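Let's take a walk through this model, one spot at a time. Keep the viewer open as you read.

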Amino acid sequence: MLLHLQPFDSEDARAFLKNEFPSVEATLVLDHLASQGLDEIYKNPLTLRLLGEVAQESGELPKSRAELLDRACRVMLKEENCRHYLAPHAQRSAEDLLLGAGSMCASQLICDRIGTFTGAHTATPDGFVHISDAVKLPFGDAASDTLRTRLFHAEGEGLLMPIHRVIAEYLGARWLARCFDAGRSERRIFGLLHQGGGVPTSLRGLHAWTGHFSNMLASRCIAADPYAVLRYGDADKLSLEQARALLIALTKLLSLIHISEPTRLRRISYAVFCLK
(Lines give C-alpha, C1' and ligand atoms only; values in the text may rest on other atoms or scores of the structure.)
Protein backbone atom coordinates (compact mmCIF):
# COMPACT_ATOMS: atom_id res chain seq x y z
CA MET A 1 0.00 0.00 0.00
CA LEU A 2 1.31 3.42 -0.98
CA LEU A 3 0.49 6.29 1.39
CA HIS A 4 0.85 10.01 0.69
CA LEU A 5 1.28 12.64 3.40
CA GLN A 6 -0.98 15.50 2.39
CA PRO A 7 -0.39 19.11 3.53
CA PHE A 8 -2.96 20.92 5.67
CA ASP A 9 -5.71 22.77 3.88
CA SER A 10 -7.34 25.81 5.48
CA GLU A 11 -9.88 23.75 7.40
CA ASP A 12 -7.18 21.43 8.75
CA ALA A 13 -5.15 24.45 9.84
CA ARG A 14 -8.15 26.07 11.50
CA ALA A 15 -8.95 22.89 13.44
CA PHE A 16 -5.31 22.51 14.47
CA LEU A 17 -5.08 26.07 15.81
CA LYS A 18 -8.36 25.77 17.69
CA ASN A 19 -7.20 22.58 19.35
CA GLU A 20 -3.60 23.60 20.15
CA PHE A 21 -4.15 27.31 20.84
CA PRO A 22 -7.73 27.80 22.05
CA SER A 23 -7.01 31.38 23.10
CA VAL A 24 -6.03 32.31 19.51
CA GLU A 25 -8.64 33.34 16.95
CA ALA A 26 -7.81 30.76 14.28
CA THR A 27 -9.73 32.33 11.39
CA LEU A 28 -8.13 35.71 12.05
CA VAL A 29 -4.64 34.17 12.02
CA LEU A 30 -5.22 32.32 8.74
CA ASP A 31 -6.75 35.38 7.07
CA HIS A 32 -3.77 37.40 8.24
CA LEU A 33 -1.31 34.87 6.77
CA ALA A 34 -3.14 35.02 3.44
CA SER A 35 -3.05 38.83 3.42
CA GLN A 36 0.74 38.73 3.89
CA GLY A 37 1.24 36.14 1.14
CA LEU A 38 2.25 33.51 3.69
CA ASP A 39 -0.73 31.16 3.40
CA GLU A 40 1.63 28.37 2.21
CA ILE A 41 3.13 28.23 5.71
CA TYR A 42 -0.01 26.85 7.35
CA LYS A 43 0.22 23.70 5.22
CA ASN A 44 3.06 22.50 7.45
CA PRO A 45 1.78 21.68 10.98
CA LEU A 46 5.20 22.28 12.51
CA THR A 47 5.50 25.85 11.24
CA LEU A 48 1.81 26.43 11.94
CA ARG A 49 2.44 25.54 15.58
CA LEU A 50 5.25 28.09 15.75
CA LEU A 51 3.05 30.79 14.23
CA GLY A 52 0.37 29.87 16.76
CA GLU A 53 2.96 30.58 19.44
CA VAL A 54 3.63 34.00 17.90
CA ALA A 55 -0.06 34.86 18.05
CA GLN A 56 -0.42 33.46 21.56
CA GLU A 57 2.67 35.20 22.92
CA SER A 58 1.33 38.74 22.63
CA GLY A 59 -2.24 38.38 21.38
CA GLU A 60 -1.38 40.85 18.62
CA LEU A 61 -0.76 39.80 15.04
CA PRO A 62 2.27 41.24 13.19
CA LYS A 63 1.48 44.14 10.90
CA SER A 64 3.75 43.12 8.04
CA ARG A 65 5.27 40.06 6.43
CA ALA A 66 8.73 41.00 7.73
CA GLU A 67 7.49 41.49 11.29
CA LEU A 68 5.70 38.15 11.19
CA LEU A 69 8.86 36.31 10.11
CA ASP A 70 11.05 38.18 12.61
CA ARG A 71 8.78 37.30 15.51
CA ALA A 72 8.43 33.70 14.35
CA CYS A 73 12.22 33.30 14.17
CA ARG A 74 12.66 34.70 17.66
CA VAL A 75 9.97 32.41 19.04
CA MET A 76 11.84 29.47 17.51
CA LEU A 77 14.92 30.36 19.56
CA LYS A 78 13.00 29.79 22.78
CA GLU A 79 12.09 26.59 24.60
CA GLU A 80 10.24 26.58 27.88
CA ASN A 81 12.11 23.88 29.77
CA CYS A 82 14.92 23.75 32.33
CA ARG A 83 17.33 21.86 30.06
CA HIS A 84 17.10 24.62 27.46
CA TYR A 85 18.41 27.25 29.87
CA LEU A 86 21.52 25.15 30.54
CA ALA A 87 22.26 24.44 26.86
CA PRO A 88 25.10 26.30 25.05
CA HIS A 89 22.76 28.00 22.60
CA ALA A 90 20.79 29.53 25.47
CA GLN A 91 23.95 31.46 26.40
CA ARG A 92 24.06 33.11 22.98
CA SER A 93 22.30 36.35 22.14
CA ALA A 94 19.34 36.21 19.77
CA GLU A 95 21.29 38.32 17.27
CA ASP A 96 24.24 35.89 17.22
CA LEU A 97 21.91 32.93 16.74
CA LEU A 98 19.92 34.57 13.95
CA LEU A 99 23.10 35.52 12.11
CA GLY A 100 24.51 32.02 12.59
CA ALA A 101 21.33 30.57 11.15
CA GLY A 102 21.43 33.09 8.32
CA SER A 103 24.96 32.09 7.35
CA MET A 104 23.88 28.48 6.95
CA CYS A 105 20.62 29.31 5.18
CA ALA A 106 22.33 31.61 2.67
CA SER A 107 25.08 29.10 1.89
CA GLN A 108 22.52 26.31 1.43
CA LEU A 109 20.34 28.36 -0.90
CA ILE A 110 23.22 29.79 -2.95
CA CYS A 111 24.95 26.40 -3.27
CA ASP A 112 21.64 24.60 -3.97
CA ARG A 113 21.86 22.43 -0.87
CA ILE A 114 19.01 21.28 1.35
CA GLY A 115 20.62 21.19 4.78
CA THR A 116 23.63 20.92 7.07
CA PHE A 117 25.56 17.82 8.11
CA THR A 118 27.24 17.58 11.53
CA GLY A 119 29.01 14.21 11.16
CA ALA A 120 32.45 13.41 9.77
CA HIS A 121 33.42 15.84 7.01
CA THR A 122 34.39 13.06 4.63
CA ALA A 123 30.94 11.49 5.07
CA THR A 124 28.98 14.62 4.06
CA PRO A 125 26.04 13.42 1.93
CA ASP A 126 25.23 14.92 -1.45
CA GLY A 127 22.95 17.91 -1.08
CA PHE A 128 24.31 18.99 2.31
CA VAL A 129 26.94 21.47 3.51
CA HIS A 130 29.17 20.57 6.43
CA ILE A 131 28.89 22.53 9.66
CA SER A 132 32.66 23.14 9.73
CA ASP A 133 32.32 25.17 6.52
CA ALA A 134 29.42 27.19 7.90
CA VAL A 135 31.23 28.28 11.07
CA LYS A 136 34.04 29.79 8.94
CA LEU A 137 31.62 32.23 7.30
CA PRO A 138 31.28 35.82 8.59
CA PHE A 139 29.08 35.87 11.72
CA GLY A 140 28.93 32.09 11.53
CA ASP A 141 30.56 31.29 14.86
CA ALA A 142 27.14 30.56 16.42
CA ALA A 143 26.09 28.24 13.59
CA SER A 144 26.58 25.03 15.56
CA ASP A 145 24.55 26.34 18.49
CA THR A 146 21.79 27.54 16.17
CA LEU A 147 21.25 23.99 14.92
CA ARG A 148 19.99 23.12 18.40
CA THR A 149 17.12 25.61 18.12
CA ARG A 150 13.76 25.09 16.47
CA LEU A 151 14.92 27.03 13.42
CA PHE A 152 16.17 23.65 12.19
CA HIS A 153 14.74 20.16 12.27
CA ALA A 154 16.44 16.77 12.00
CA GLU A 155 16.04 14.64 8.89
CA GLY A 156 18.29 11.83 10.06
CA GLU A 157 21.50 11.24 12.01
CA GLY A 158 23.50 14.46 11.78
CA LEU A 159 21.24 15.88 9.03
CA LEU A 160 19.50 19.17 9.79
CA MET A 161 17.35 21.35 7.58
CA PRO A 162 15.77 24.81 7.97
CA ILE A 163 12.25 24.63 9.37
CA HIS A 164 10.82 26.21 6.18
CA ARG A 165 12.22 27.66 2.96
CA VAL A 166 10.54 31.03 3.58
CA ILE A 167 12.34 31.25 6.92
CA ALA A 168 15.63 30.25 5.26
CA GLU A 169 15.29 32.97 2.61
CA TYR A 170 14.47 35.60 5.22
CA LEU A 171 17.39 34.71 7.52
CA GLY A 172 19.82 34.21 4.63
CA ALA A 173 19.06 37.67 3.27
CA ARG A 174 19.40 39.17 6.75
CA TRP A 175 22.89 37.67 6.94
CA LEU A 176 23.88 38.87 3.43
CA ALA A 177 22.82 42.42 4.30
CA ARG A 178 24.88 42.30 7.50
CA CYS A 179 27.89 41.11 5.49
CA PHE A 180 27.44 44.11 3.19
CA ASP A 181 27.23 46.45 6.19
CA ALA A 182 30.45 44.91 7.49
CA GLY A 183 32.32 45.76 4.30
CA ARG A 184 31.66 42.96 1.82
CA SER A 185 31.35 44.42 -1.66
CA GLU A 186 28.06 44.85 -3.44
CA ARG A 187 29.61 43.33 -6.56
CA ARG A 188 30.52 40.10 -4.76
CA ILE A 189 27.11 39.78 -3.12
CA PHE A 190 25.20 40.21 -6.36
CA GLY A 191 27.71 37.98 -8.10
CA LEU A 192 26.33 35.21 -5.89
CA LEU A 193 22.70 36.09 -6.59
CA HIS A 194 22.76 36.93 -10.31
CA GLN A 195 23.40 34.38 -13.04
CA GLY A 196 23.15 34.79 -16.80
CA GLY A 197 21.96 38.37 -16.50
CA GLY A 198 19.11 37.59 -14.12
CA VAL A 199 18.09 36.05 -10.82
CA PRO A 200 17.64 32.24 -10.82
CA THR A 201 14.23 31.04 -9.70
CA SER A 202 15.73 29.28 -6.69
CA LEU A 203 17.26 32.53 -5.41
CA ARG A 204 14.40 34.96 -6.00
CA GLY A 205 13.19 34.91 -2.39
CA LEU A 206 16.70 35.36 -0.98
CA HIS A 207 17.37 38.17 -3.46
CA ALA A 208 14.08 39.96 -2.68
CA TRP A 209 14.64 39.93 1.09
CA THR A 210 18.21 41.19 0.70
CA GLY A 211 16.81 44.48 -0.59
CA HIS A 212 14.48 44.65 2.40
CA PHE A 213 17.37 44.47 4.87
CA SER A 214 19.60 47.01 3.12
CA ASN A 215 18.50 50.35 1.70
CA MET A 216 21.83 50.52 -0.11
CA LEU A 217 21.08 47.29 -1.98
CA ALA A 218 17.34 47.78 -2.42
CA SER A 219 17.43 49.76 -5.66
CA ARG A 220 19.49 47.10 -7.41
CA CYS A 221 17.21 44.31 -6.14
CA ILE A 222 14.17 46.21 -7.41
CA ALA A 223 15.72 46.82 -10.82
CA ALA A 224 16.84 43.20 -11.26
CA ASP A 225 13.63 41.44 -10.19
CA PRO A 226 10.79 43.81 -9.24
CA TYR A 227 8.04 41.19 -9.19
CA ALA A 228 9.99 39.01 -6.74
CA VAL A 229 10.44 42.01 -4.42
CA LEU A 230 6.67 42.40 -4.38
CA ARG A 231 5.82 38.69 -4.28
CA TYR A 232 8.45 37.28 -1.92
CA GLY A 233 9.71 40.26 0.08
CA ASP A 234 7.87 42.97 1.99
CA ALA A 235 6.80 45.89 -0.19
CA ASP A 236 4.82 47.43 2.69
CA LYS A 237 7.97 48.96 4.16
CA LEU A 238 9.40 50.51 0.98
CA SER A 239 10.20 54.21 1.05
CA LEU A 240 8.32 56.48 -1.33
CA GLU A 241 11.33 56.59 -3.65
CA GLN A 242 11.67 52.81 -3.60
CA ALA A 243 7.95 52.33 -4.22
CA ARG A 244 8.16 54.59 -7.28
CA ALA A 245 11.17 52.65 -8.55
CA LEU A 246 9.27 49.40 -8.06
CA LEU A 247 6.25 50.70 -9.95
CA ILE A 248 8.43 51.86 -12.85
CA ALA A 249 10.30 48.54 -12.95
CA LEU A 250 7.04 46.55 -12.88
CA THR A 251 5.59 48.66 -15.66
CA LYS A 252 8.67 48.01 -17.80
CA LEU A 253 8.45 44.31 -17.03
CA LEU A 254 4.79 44.28 -17.99
CA SER A 255 5.64 45.65 -21.43
CA LEU A 256 8.08 42.77 -21.99
CA ILE A 257 5.74 39.93 -20.99
CA HIS A 258 4.58 37.96 -24.00
CA ILE A 259 0.85 37.53 -24.50
CA SER A 260 1.39 33.74 -24.35
CA GLU A 261 2.12 34.04 -20.61
CA PRO A 262 -1.38 35.00 -19.39
CA THR A 263 -0.93 33.94 -15.76
CA ARG A 264 2.26 35.94 -15.28
CA LEU A 265 0.72 38.83 -17.19
CA ARG A 266 -2.33 38.91 -14.90
CA ARG A 267 -0.20 38.75 -11.75
CA ILE A 268 2.08 41.61 -12.74
CA SER A 269 -0.82 43.70 -14.07
CA TYR A 270 -2.57 43.26 -10.72
CA ALA A 271 0.63 44.20 -8.86
CA VAL A 272 0.98 47.41 -10.87
CA PHE A 273 -2.70 48.22 -10.30
CA CYS A 274 -2.36 47.76 -6.52
CA LEU A 275 0.75 49.94 -6.30
CA LYS A 276 -0.93 52.74 -8.22
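**A serine, a valine and a hairpin**

Start with Ser64, whose side chain reaches the backbone nitrogen of Glu67 at 3.1 Å. Keep in mind as you go that this is a predicted model. Where does Ser64 sit? You'll find Ser64 in the loop between α3 (45-58) and α4 (65-76). Ser64 counts as buried because its relative accessibility is 3%, and the cut-off for buried is under 20%.

Now look at the partners of Ser64. Its side chain also makes a polar contact with the side chain of Asp234, at 3.4 Å. Skip the neighbours within four places in sequence, and Ser64 is in contact with Gln36, Asp234 and Lys237.

Next, hop over to Val166, which has its place in helix α9 (residues 165-181). Is Val166 buried or exposed? With 15% relative accessibility, Val166 counts as buried, since buried means under 20%. Not counting residues up to four places away in sequence, Val166 touches Leu38, Ile41 and Leu69. Take Leu69: 97 residues separate Val166 and Leu69 in sequence, yet their C-alpha atoms are 8.6 Å apart in space.

Last stop, the strands. β3 (residues 152-156) and β4 (residues 159-162) run antiparallel, and four bridges join them. What do β3 and β4 form together? They make a hairpin, with two residues between the strands. In that turn, check Gly158, which has a positive phi of about 75 degrees.

Technical notes
Residues numbered from 1 in each chain as written. Predicted model: local features only at pLDDT ≥ 70, side-chain atom pairs only at ≥ 80, totals over all residues. Heavy atoms only, no water. Pairing = 2+ DSSP bridges. Buried < 20%, exposed > 50% of the residue type's maximum accessible area, 1.4 Å probe, protein only. Polar contact = N/O pair within 3.5 Å; in protein donor to acceptor, adjacent residues only side chain to side chain. Contact = heavy atoms within 4.5 Å.
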